[in-house]
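This report describes a single protein chain, moving from the overall fold to individual residues.

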Amino acid sequence: LHYEAKHMSWLHSFWGVGATLGPMILSLFLLQQEGWRKGYLFIGSIQGFIVLMLLLTLPLWQKYNQHPPKKQEASGKVQSTSSGLYQLPGVKEALLSFFTYCAVEMTTGLWGASYLVAHHDFSADVAARYVSLYFGGITLGRIFTGFLTLKFSFKTIIRGGLLSILFGIIMILTGLQVLLLPSFLLIGLGCAPVFPGMIHETPHRFGQEHAQSIIGMQMAFAYMGSTFIPGIFGLLAGGGLLRIFPLYLLMFLLMLFFFSER
């Protein structure tokens, strides 16, 4: 409500920084005796420091509460209850957009390396580096997206991101090994603007007074997509269907495009 699109994109880019640094930090501790315990203690200390910083900066939020942003019109007169919010045009499609986006993002991150090892005879370390490039693409893409929002709307950038994911999946489907490295990078770059973009657009789409409740619902659907869809693919992979990995991604990408446009 208080910040611009570029701030939302840069905020989410630091998710990628943490997702990259966390395993690196833990790997350093794993080289030592009792390493994983010390590693968890170190990561826990970082979390504790964040909690302390949040407590110390609570007064800063009052500054914005005393000067709220200009109120936006809601997309309809409804009560801020779950049943009432579902009546807003587009809310169901927005929730399913988060579900399908996280299905694509997490399935790629969790199963990409296994696909490369099983179907392209990559060594485990090389496959892991390819997937690291995917997460790196998300991080760098969100930093770059922050600058793009100065010139383009998030709606346009999200469409461009979905197109980038599509090209990446098509490159995997060709089966050409030379295209696999850029394909994971393209998918990562394409994923970059989608999640922060859809979050930032929520108050504009559904009204400021409903934004907080709807964002909470969107996050719930996002985590359901992250939890269940990669798990279902795991069952398929265990049944000998790991080869359908790119088709599985393509199916959820097409669903994401449909719900996002709706």
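The sections below treat the fold, the aromatic pairs and a selection of residues in turn.

## Overall fold

The model is predicted. Its secondary structure consists of eleven helices and zero strands, so that, read from the N terminus, the order of elements is α-α-α-α-α-α-α-α-α-α-α.

The radius of gyration of the protein is 20 Å, which agrees with the value near 18 Å that a compact globule of 262 residues would have. The C-alpha trace spans about 60 × 45 × 35 Å along its principal axes. Of the 262 residues, 39% are buried. When contacts between residues at least 6 apart in sequence are considered, 74% of them join residues at least 24 apart.

The accessible surface amounts to about 14,700 Å². Carbon and sulfur atoms account for 69% of that surface.

## Aromatic pairs

The structure contains 14 aromatic pairs. One of them joins W10 and F147 in an edge-to-face arrangement, with 5.2 Å from centre to centre and 65° between the planes. This pair connects distant parts of the chain: W10 belongs to helix α1 (residues 5-30) and F147 to helix α6 (residues 124-148), and the two are 137 residues apart. W10 counts as partly exposed because its relative accessibility is 25%. F147 is also assigned to the partly exposed class, at 48% relative accessibility.

F258 and F259 form another edge-to-face pair, for which the centres are 5.5 Å apart and the planes make an angle of 65°. F258 has a relative accessible area of 48% and is therefore partly exposed. F259, at 17% relative accessibility, counts as buried.

Ring pairs also link a cluster that consists of W111, Y115, F233, F245, Y248 and F252.

## Selected residues in the helices

Which residues does S13 touch, apart from those up to four places away in sequence? They are T139, R142 and I143. S13 itself lies in helix α1, and it is buried because its relative accessible area is 1%.

H12 is likewise found in helix α1. With a relative accessible area of 17%, H12 is buried; the cut-off for this class is under 20%. Leaving aside neighbours within four places in sequence, H12 is in contact with R142, F195 and P196.

L133 lies in helix α6 and counts as partly exposed, at 30% relative accessibility. Not counting residues up to four places away in sequence, L133 touches L181 and L185. The C-alpha atoms of L133 and L189 are separated by 9.9 Å, although these residues are 56 apart along the chain.

P182 is found in helix α8 (residues 180-191). Its relative accessible area of 31% makes P182 partly exposed. Between P182 and S27, which are 155 residues apart along the chain, the C-alpha separation is 26 Å.

## A loop residue with positive phi

D121 is found in the loop between α5 (91-120) and α6. Although D121 is not a glycine, it has a positive phi of about 55°. Is D121 buried or exposed? With a relative accessible area of 70%, D121 is exposed, the cut-off for that class being over 50%.

## Accessibility of the residues discussed

| Residue | Relative accessible area | Class |
|---|---|---|
| S13 | S13: 1% | buried |
| H12 | H12: 17% | buried |
| F259 | F259: 17% | buried |
| W10 | W10: 25% | partly exposed |
| L133 | L133: 30% | partly exposed |
| P182 | P182: 31% | partly exposed |
| F147 | F147: 48% | partly exposed |
| F258 | F258: 48% | partly exposed |
| D121 | D121: 70% | exposed |

In summary, the predicted model has eleven helices and zero strands, and its radius of gyration of 20 Å agrees with the value for a compact globule. Its 14 aromatic pairs include the one between W10 in helix α1 and F147 in helix α6.

Technical notes. Residues numbered from 1 in each chain as written. Predicted model: local features only at pLDDT ≥ 70, side-chain atom pairs only at ≥ 80, totals over all residues. Heavy atoms only, no water. Helix = DSSP H or I, 4+ residues; strand = E, 2+ residues; numbered from the N terminus. Rg over C-alpha atoms; globule rule 2.2 N^0.38 Å. Buried < 20%, exposed > 50% of the residue type's maximum accessible area, 1.4 Å probe, protein only. Contact = heavy atoms within 4.5 Å. Areas by Shrake-Rupley, 256 points an atom, 1.4 Å probe, with all protein chains shown as cover. Phe/Tyr/Trp six-rings, centres within 6.5 Å; stacked < 30°, edge-to-face > 60°.
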